[in-house]
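Here is a short walk through one structure, with a few side chains as our guides. Have the model open and follow along.

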Amino acid sequence: MGAMSNYLEQALLNMVFRNQNYTRPSTVYVALYTSDPTEADTGTEVSGGSYARQAVTFGAPTQVGTAAQIANSSDVVFPVATANWGTITHVGIRDAATSGNLLYYAPVANPRSILANDQLKFLAGELVLTLD
């Protein structure tokens, strides 16, 4: 998955190099976007139609070439849409079920329109976060 947010970049730099505390979230959530959230967290997240961010767990990091990466360890299943959600162009990882901070984000490989009665699912291993 693409890039870290400004929030996470600053938190990690402060924690590692300035010995400042960072309280890690106990749960992280997948959020869906109809526009690029950007590093500054300015995108349009889906709302309404029974949409809710979904908790996600990740497996242990692995080294792939020069990059370290983690992937979701189980399926992430969103509720059945009760209204059109729009075209999902990006996903983000956030530190709260509502509001909170964007941590990571990336475009989806194949943007998809979610219509009423559709259900979006990411299979285990499909959400990959990379650091290089």
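Contact here means that heavy atoms lie within 4.5 Å. This is a predicted model, in which local features need pLDDT of at least 70 and side-chain atom pairs count only at pLDDT 80 or more, while totals for chains, interfaces and linings use all residues. Residues are numbered from 1 along each chain as its sequence is written, and side-chain values use heavy atoms, with hydrogens and water left out.

Let's begin at glutamine 54, which sits in strand 3 (residues 54–56). Strands (E, at least two residues) are DSSP runs, numbered from the N terminus. Leaving aside residues up to four places away in sequence, glutamine 54 touches Val28, Tyr29, Val30, Val76, Val77, Phe78 and Pro79. A polar atom of its side chain also lies 2.9 Å from the backbone oxygen of alanine 52.

Now for the charged pairs. The whole structure holds 2 salt bridges, each defined as a side-chain nitrogen of Lys or Arg within 4 Å of a carboxyl oxygen of Asp or Glu. In one of them, arginine 94 pairs with aspartate 41, with the closest N and O atoms 3.0 Å apart. This pair links distant parts of the chain, 53 residues apart: arginine 94 belongs to strand 7 (residues 86–94), and aspartate 41 to the loop between strand 2 (28–33) and strand 3.

How accessible are the partners? Buried means under 20% relative accessible area, exposed over 50%, and partly exposed in between (1.4 Å probe, protein chains only). Arginine 94 is therefore buried at 4%, whereas aspartate 41 is partly exposed at 31%.

Glutamate 45 and arginine 53 also form a salt bridge, at 2.8 Å from N to O. Here glutamate 45 counts as partly exposed because its relative accessibility is 22%, while arginine 53, at 11%, is buried.

Definitions and conventions. Helix = DSSP H or I, 4+ residues; strand = E, 2+ residues; numbered from the N terminus. Polar contact = N/O pair within 3.5 Å; in protein donor to acceptor, adjacent residues only side chain to side chain.
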